[in-house]
Amino acid sequence: MKKLLILLAILVFVGLVSGLAGGIGLYYWASSDLPSFRKITDYRPPLVTTIYTRGNKVLGYLYSEKRFLVTLSEMPDFLPKAFLAAEDSTFYQHEGVDFSAIVRAMIKNLQQGSRKQGGSTITQQIIKRLLLSSEKSYTRKIKEAILAYRLEKYLTKDEILTIYLNQIYLGSRAYGVEAAARTYFGVHVGDLTIAQAALLAGLPQAPSRYSPFRDFESAKSRQKYVLGRMLAQNWITQAQHDAAVAEPLVFKSMPDPSWEVAPFYLEEVRRELIDRFGEDQVYNGGLHVHTAVDLKHQEAAERALREGLVASEKRRGFKPTLEKLEKDKYEDFYERSNVPESLLTPGRWVKALVQEVGPSGAVIRFGDKYGLIPAEDMSWAKGKVEVGDLVWASVTAVPDKPGAEKPVAAPAAAPAAKKGKPAETPAPAVPAKPGRPMWRLAMQLEPRIEGAIVSMDPRTGEVLACVGGFSFEKSQFNRATQSFRQPGSSFKPIVYSVAMDNGMTPATVVMDGPFTYVDPWSHVAWTPGNYEGDYGGPMTIRSALAKSKNLVTVRVAQQVGMKKIVDRAHELGLRGDFGPFLPVSLGAVAVNLLDMVRAYSAFARDGSTINPRFVLDVKSPWGEEVWSNKPEVKQVLTPQTAYVMDCLLKEVVRAGTATAVKVLGRPIAGKTGTTNDFQDAWFMGFTPYLLTGCYIGFDQPKSMGKGETGGRATLPIWLSYRKAVEEDYPVEDFSRPPGIFMGTVDGVPMAFKEGTEKGSMAIMDEEQEKAFLNDPNAPLGKGEDLLKQMF
C-alpha cells in the first residue's frame, strides 16, 4: 500500500511537472511570434478629418472610417459604465483575462450546444481588433490572452477603456462612441442620456442586428438588458433605470454639411490637402483644417452665378427638356437630395422630384421635405411638367408653421358658365399631408452654359468664395481652378501696366484706327478691329482702356514690345502658352480664373501679388500645428504703377464698359472681357478689400450669342454677389503712394508718376485735388491741351 501511494505521488508529481512544462512550453510557443504593442501604445486609429469655415463652422468631413477621438473626461460617467455592464463588468478587477467569465461562457455554450457567448474582456477585444486576426482558433485565443495580460502592464485601465470606446464599431458607418452619438441621436457624446448610452452599449455584440434603424424592437430589448446590468452593478438607481426604460427614443443624425455647403470649395480644399499630405493622412489622420471660406460670401456667389447663367440661357430662348426619374430610383434620390433645414434660406437652390401636379402648381419633394411650385413659375418649361420629373427650384419662403396642416395649392377659379351649360367645377387643391410643412419655391431652369466666380481678400490672400460651376452634383470640374479660357480684354490691364513702366502715361494719345500686321515669316496678315467696328481716331490711353479699344491696345503692345508683356504676365503668375505675338495683347491665350485673381491682386495691393489661400492652417487631432499657410507675396509692379492702373481701371467703371457697377456708390476698379464670337465673357473687379473675378462660357467653346459681352453677361453676376456683401466693408479708396502727381486727362482726375506729368496733361490745382479726394467719381474741368504722342 505504501509503495502504491508512493507510485501515485510520483505519477501526480510527474503529471504536474509535465503539465507545468507543457504549459510553459505552450506559453513560449505561443509567445514566439506575438505582434508588437506599438500599434496600441501609440494608438493612432483612423480618424475623421474636419474642415472648418473662417467662422469655425464645419464645412465637411473626410474619412475612411467615421471616427472622432474623445477622452473619458468628455464622456458622461454613465457611458463607459454602460459598455462595461454589457461587455466586461469586472474590467477594473481582472488583469486582462477574466477566467470566471470564460468558465461561465463555456458552461452556457455547452448547455446550448453551440458557441453563443464569449468570455473575452475589453482588453482582449482590443487585442483582437488591433493586433490579431478574427480567426476562431485556440491558438489565437491563447495569444489573445497572453497579449491582454501583457497590455495591462503597459497601459492603465482608463487608457485601455479610452481606446476601446474610440475603436469599437457601432454600426451605420459609425466607429467609436462620438460618431455613434452623432449618427443615432444627432448629439455629441457629452450630451447623451442614460437611455441613449445604454442603447449604444448594446450594439457592439451585433451592430447590424441591434441597429435601431433596422430593428427597433431588438435594439430596445438589448437596451433594457444593458440597463438591467447597470442596475445590478449599482451603477444607476432604480429611478434612473425606470426613467431610462420609459424614455422615448428619437433617432436622428447630426447634419453633415459635406458636399451640401460650398461643395466646389470643399473639393478644392480636399485636392490641396491630398497634394500636400497624401490620401492616407487626409482620410485617416483626424486633421483639423481651417479654411478661408466665408459662408455669406460663398452662398451669395453661388446664387449670383446660378442666376446669371440662367439669365444668359433665357436671353437665348433656351427651354430645357425636363429629366424623368424612374420609380425604382425615387428612394435613392430622396436619400441623396436631403438638405438640412438650417440651409434652406430664401434663394437656396435645390433639386427636387415632382410628386403631384394640379392646376395651381406642383408639389415637389427633396429629401424628407416637401414644397410647392406655383403654376406661373413653370410656364417657361419645354413641355408639360409631370409626376416623376426632376426640377431645379429656389426657395422663396419657408413654412409659416412647420407641421401645420394646410392646403398647398389653391384651386383654380371656376370658369364662367356658358349659355345652356352648367359652370365647371374647379379641380381640387393638392392637399397637404397632416403634420407636413410645405416650402414655397420657384422652378428654375438648368442651364447648359457654365461659369465660375472667385472672390479673395487681396490684403491677406484669403479666398472667401469659390464656385466652379452651376452644380457640383452635375459636374465636379472646378472651372475656377482647373479650366483655362481666353480672357479677352480683361488681359489689357497687364499690357497697360507695362506701358506705364515704359514711358507712357494715362495722357499718352494713340491712334484708334485701322491696323494690319503682316507676319514676316508666314506673310499672313492679321487685321483686328474694335467691338463696335468703328474707329475713334486719336485718343488717350485713359479713354482707350475705359472703352476697351482693341486697336489702341495693339498699337501700345507693338510699341512697348510683346516680350515685355509676356514677361509681365508670367511675373504676375499667369500660366499659359504665351508667345511674343500681338494677339496675346487682346487676351488670345487661355488663362485660369484663379490665376487672373492672383494677377489682379497686384493692382488691388501695392504692386505685389499675393497667392490665393484656401487652407489657412492644419492641426493634428490633439491641436498641434501641422502646417500654417502663410501669405506669399511677390513684388511685381511699383506701388506707383499699381496706383496709376487703379485710376485707369476706375475709369472703366466711371465712364467705360462697366458703368453698371456705379450703383454700389464706391470707388471700384475693374475690367470687362469678351472673346471672339462671344465665346467667353469676363469681369474682374476690385477694391482694396475685395477682389472678385468671374467668367461664363460653354464648356465646349461656342458662341453665347451676339451681345453676350462681359458687361452684359458676366458683370451682373459680379454685381449681384457684391451687392450681397459690400455693406460689410467700410468705403475705402486705393491708397496713394509717394511719387504720384495728380492731374487731369480729358477733364478727368488722373494719377501720374512724378516726372511724367509735365507737358502731357493739365496740372490739377489744390482746389481740384481736394474735390477729387472727396468724390473720385466727380468729373473735373477740361484743363489744358494734352501732348499728343502719335505713332
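Guide: Let's start with a term: a salt bridge is a side-chain nitrogen of Lys or Arg within 4 Å of a carboxyl oxygen of Asp or Glu. This is a predicted model, where local features need pLDDT of at least 70, side-chain atom pairs count only at pLDDT 80 or more, and totals for chains, interfaces and linings use all residues. Residues are numbered from 1 along each chain as its sequence is written, and side-chain values use heavy atoms, with hydrogens and water left out.

Visitor: Which residues are linked with E313 in a network of salt bridges?

Guide: One link in that picture is the salt bridge of E313 with R448, their closest N and O atoms being 3.2 Å apart. E313 sits in helix α14 (residues 295-315) and R448 in the loop between β11 (438-444) and β12 (450-457), so this pair ties together parts 135 residues apart in sequence. The residues networked with E313 are R315, R316, R448, E708 and R712.

Visitor: Is E313 buried or exposed?

Guide: Buried means under 20% relative accessible area, exposed over 50%, and partly exposed in between (1.4 Å probe, protein chains only). E313 has 0% relative accessibility, so the word for E313 is buried.

Visitor: How far apart are the closest N and O atoms of E268 and R271?

Guide: Both belong to helix α12 (residues 263-277), and being three residues apart puts about one helical turn between them. Helices here are DSSP runs (H or I, at least four residues), as are strands (E, at least two), numbered from the N terminus. E268 and R271 form a salt bridge, and the distance is 2.7 Å.
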